[in-house]
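Please walk me through this structure, beginning with a single site and then moving out to the fold as a whole.

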Amino acid sequence: MDRAWRPQDELPEEATAFVGRTRELGAVRAAFERARLVTLTGPGGVGKTRIAMRSARELAGDHPDGVCMVELSGVRDGALLADTVAMSMGMRDSMAVPTIDLLVECLRARRCLLILDTCEHLVADCAAFAMTVLRACPGVRVLVTSRQPLDLPGEQVLAVPPLEVTRSGGEAVELFAARARDALPGFTLTAANRDVVVLLCGRLDGIPLAIELAAVRLRTLSLEGLLKRLDDRFWLLGDGPSETVRHQTLRTAIGWSHELCTPPERLLWARLSVFAGGFDRAMAEEVCADSRLDREAVAECLAGLAGKSIVQRAADGRHLMLDTLREYGAAWLKEVEPVQPLRARHRDCLARLAGRAAAAWLTDDQDRWLRRLDAERDNVRAALEFCFTVPGEERAGLRLAASLWSGWLCRSRFTEGRYWLDRGLAAVTGPFPERADALWRSAYLRTNQGESPRAMPLADEALRLAGRRGDDIGCGRALRTLGTAATFMGDAGRAGRCFDEALGILLVRGPREDLIMLRMLRGFHRAKSGASEAALAECDEALRLLEDAPAEVWARSWIAYVKALAHWFLDDVDGCARELRTVLAGFRRVQDLVGLTNGFELLGWVYARQRRYADGAVLLGAAARFPAQVGVPRLGDPALEDLHRELEGRAREALGPDRFAEHFERGMALTVDETVGFARDDPRAP
């Protein structure tokens, strides 16, 4: 966990003013004085998430290592829960060990607050996760929002009530007035209209979402007209405080808002429920438009739904829908048309986005598309889940997973990439091109996680399948992967043969990006094999292939790392340091913590060789902390591990055990940015 992780950075901005809830906020604080697990329960729309967010801001001072909010509404597979938490904390799922183990190791000595928001569809998984973390990490607290408790020992369950409605007003009336001013600037709560607002909020049972949906109708109705419409709709429900009535009240309020929408708006509302986590207008048009609702109508209806607060506009131009409203739309969708064709269009939309991102790999547009894939994480997962649960869609799922591979690679999200690729490989067992493509991609991710022996059989099968089909490019990619695995296993002879054969193929037919990767990996192999001059030549050839992408960062950073390693083995420590200081900023820019970790490690060796033992110990400390979060130390290479032990021992002997430990621990305490500054001799670094 990075010490730069702060509550102000991790908690989403509140889109609207927070109203009331003084008692509930106090109850959360008091509950945490008794326990480390607090669960806010209640029906959808009652305000659990807003209370959790505000509580987290108020409790931030009690958690010096930060507050992190993990939104789980878009996560449908409990197997991805730990990975989702890790990503929300800025970690990478790049080690082969279970991500929950990495989280526990990272959090064991931390004092922080985790918020697991919207857990009702993953109750068992969230319960197991919370129990594991709380038992192993005494300084961690967990705040949960869910429609039902986790049912764990020691869990403090706080039922979130609706807002209070009194004869003179109450928090419900305050909320209505605040949202009415948002919808109708100039609205004022007066003695003349207060009684009508009180009646209206009472009819809505004080449920925040119902009140907000009603308030926005003031754009088209007077207060009296609004109350009459609600009375006509609600009179059958009766009165009373029971949760059943409150649930009916909310559903009735949503249904009333639904009836006030035009028929095309209702249809779009239903279709938008297929999105997970958000969408932009272009995606809505692509997925939701057809002969019944053309693209122009989708754009018009989307604006109408935003005006009615059914969808919310985010600052980045995207649109969001609250879970309760999405669930209503999903239920309505089942009544009006088949769901599968819409889910297939959603999958195709994500496949096109992923394809464009894959085409941008190792180009100047790479970073922009990586950020786009980051934003679509929940939609990507929903599309893959559709493919691997609906018979006949499995091959499309493998194609989608393959097109996402470069994004998982550049972001060091190896575990999630393997999860989807391996899930598809289990479903697609025939000699299909999609299987051959997925095999080498999964194998390559395994090599990055220190599992080269397990990668070998996958790459071998990919080579056989590609050869059987006469797919030269597929053969070249499989051979490149075999060469990489052999390099990490210390089999220099096999690695050289595989790389040479791959080069012979890819030089004739290979895409530019495949040749760049091959040159870089072949350079790494040659540097380790004692042919550093040849390694530098490989890197120069890779850079020549990148001349058309001067702003590309990821490959250039790894190429420079290989050059630094080659300089090291040439005993040119100054050249090694020069390359490393250049690349660390690049790795930081693309958020490649695996690259940063290995850069810190190698520069620590340089400092030890230059007798800057204290500085070297600092960087070795930083490199020792980050692998627990981002990947296999020293790329899982036994030869580099031996060098590490030798140079660490030299620094420890020169400084003495106590001073070495002091500097090493200083490095472990630095943030990523602070470590980069220190490594680049930035005078502002601590």
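Glutamate 376 lies in the loop between α17 (366-375) and α18 (377-389), where helices (H or I, at least four residues) and strands (E, at least two) are DSSP runs numbered from the N terminus. Glutamate 376 is buried, its relative accessible area being 1%, and buried here means under 20% relative accessible area, exposed over 50%, with partly exposed in between (1.4 Å probe, protein chains only). Leaving aside residues up to four places away in sequence, glutamate 376 touches Gly278, Met283, Arg318, Leu350 and Leu353, a contact being heavy atoms within 4.5 Å.

This is a predicted model, in which local features need pLDDT of at least 70 and side-chain atom pairs count only at pLDDT 80 or more, whereas totals for chains, interfaces and linings use all residues. Residues are numbered from 1 along each chain as its sequence is written, and side-chain values use heavy atoms, with hydrogens and water left out.

Turning to the whole protein, its secondary structure comes to 35 helices and 7 strands. The radius of gyration is 28 Å, close to the 26 Å that the globule rule gives for 686 residues, so the protein is as compact as a globular protein of that length; the radius is taken over C-alpha atoms, and the rule is 2.2 Å times the number of residues to the power 0.38. Along its principal axes the C-alpha trace spans about 85 × 60 × 45 Å.

Of the 686 residues, 58% count as buried, and among contacts with a separation of 6 or more, 73% come from residues 24 or more positions apart.
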